[in-house]
Amino acid sequence: MTTAEIKDMASKYIINTYGERSISIVRGEGAYVWDAEGKKYLDFVAGIATNNVGHCHPRVVEAIVAQARKLIHVSNLYYIEPQARLAKRLVEVSFADKCFFCNSGAEANEAAIKLARKYSKENVAESKFEIITMLKSFHGRTMTTITATGQPKYHKGFEPMSPGFKYVPFSDLKALEDAVTDNTCAIMVEPIQAEGGINMPIEDYLAGIRSLCDRKNLVLIFDEVQTAMGRLGKLFGYEVFGVEPDIITMAKALGGGAPIGCMMTKDHIAESLTPGSHASTFGGNPLVCSAALASLNTIIDEKLPENAQLVGAYLMEKLRSLKSKFSVIKEVRGRGLLIGMELNVEGKELVSKCMKAGLILNCIGSSIIRFAPPLVISQQHVDEAIPVIESGLADL
Ligand code: PLP
């Protein structure tokens with residue numbers, strides 16, 4: 001089908017939650033994708049920080065094909081070997097002792113919210129229910145996770161929101177301390193706010209939250225849906241900041257492109273989720289767990305976090321040198337291969353110019369260009385992208 005044919009069919013039959021799109025991607029390999037007309041693009045969005053091992057990594061493809069031949073789905077009423085293997089590997093490489101599998105970032109956060117409440121009610125005080133999150137955060141699109149999301153634009157039209165949430169500005173430890181009450185059970189925060197604009201925490205902010213949680217007996221939840229799996233230069237974002245949460249949530253890059261979410265925590269907290277208290281039909285299904293295990297092992301074996309650190313630093317340096325040339329660039333910030341370039345003007349035009357020239361970028365809000373390429377990119381890919389961006393900026 002041509003892009004025009006796909007667009008017509010999609011517009012007729014799919015609810016319009018994503019708006020008009022300029023291309024239809026039909027194939028991918030490594031850092032590149034091809035559209036329906038065969039045009040090649042360098043993908044610096046990677047499924048929004050999802051294709052960390054690149055498109056169709058052979059190890060992920062092989063794992064999916066082999067598992068699909070054996071068993072695609074079976075209920076959690078039975079033990080699932082790929083699920084047990086994935087959980088073991090995730091525990092080996094993280095601070096956590098136990099996993100709960102689901103299908104998306106929003107569901108991983110729902111699980112974290114449910115667990116934080118139940119654990120706190122059972123172990124701290126029955127009055128505990130309130131969760132503090134940050135303004136400009138993003139935690140998902142279910143009713144409770146949009147409530148947790150500290151951005152009123154996502155709430156509009158869906159009121160009433162779920163009870164029990166409070167928001168404070170990101171990187172403001174004093175506001176956070178002041179917001180804690182006897183009813184507070186948890187603090188939920190992204191180590192770096194991604195959808196909210198690639199907002200970096202001020203120094204010692206996360207360590208400050210950790211110590212506040214310890215003092216007040218609160219559960220600390222890190223939403224690492226976008227930052228885990230090597231993107232920030234370590235396997236998990238919490239390692240970059242040297243602060244361990246009590247609960248971590250992941251999704252996006254965990255499955256190497258297959259839809260999977262996971263919440264992980266320590267044993268003593270995990271005990272509050274007992275048989276029947278939480279579940280998911282597809283959560284931890286054999287197919288996605290095989291894909292995720294292959295992806296996780298690839299990230300570790302190919303040293304992709306280290307590559308994200310190296311190539312990320314190179315990309316950052318190149319973007320900062322563009323900033324000294326173009327006054328339209330307000331700031332370049334980020335960590336590893338999660339970088340935001342904030343403009344003084346709308347970003348749509350730059351994104352569309354780069355797209356025409358074969359480079360896929362994404363704009364958060366109205367003016368922040370997000371760089372979240374696959375972690376397999378090299379300096380050569382950056383050298384290919386920078387002249388395209390430079391020429392787009394010159395035209396603005
Ligand atoms: N949390 C964060 C930090 C995210 O960036 C996202 C998605 O962008 C989510 C949660 C929601 O994940 P999903 O779209 O898989 O539900």
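This passage looks at the ligand and its surroundings, and then at a pocket in the protein. The model is a predicted one.

Start with the ligand. It has 13 residues around it, and Gly 105, Ala 106, Asp 223, Gln 226 and Lys 252 come closest. Sorted by class, this shell holds six polar, four charged and three nonpolar residues.

At Asp 223, a polar side-chain atom sits 2.7 Å from a ligand nitrogen. Gly 105 uses its backbone instead: one of its polar backbone atoms is 2.8 Å from an oxygen atom of the ligand. For Lys 252, an N or O atom in the side chain is found 3.5 Å from a ligand oxygen.

Now for the second largest pocket, with its volume of about 900 Å³. Its lining is made up of 32 residues, and those closest to the centre are Asn 76, Gln 83, Cys 99, Phe 100 and Phe 101. Which helix or strand gives the most to this lining? That would be α4, with five residues. Helix α4 (81–92) is joined by strands β4 (98–102) and β10 (261–265), and each of these elements supplies at least two lining residues.

Notes
Residues numbered from 1 in each chain as written. Predicted model: local features only at pLDDT ≥ 70, side-chain atom pairs only at ≥ 80, totals over all residues. Heavy atoms only, no water. 1 Å grid on protein atoms, 1.4 Å probe; cavity = no way out; pocket = protein on both sides within 12 Å on 5 of 7 lines; lining within 4 Å. Points joined across faces, edges and corners; volume = space filled by probe spheres on them. Helix = DSSP H or I, 4+ residues; strand = E, 2+ residues; numbered from the N terminus. Near = heavy atom within 4 Å. Polar contact = N/O pair within 3.5 Å; in protein donor to acceptor, adjacent residues only side chain to side chain. Nonpolar A, V, L, I, M, F, W, Y, C, P; charged D, E, K, R; others polar.
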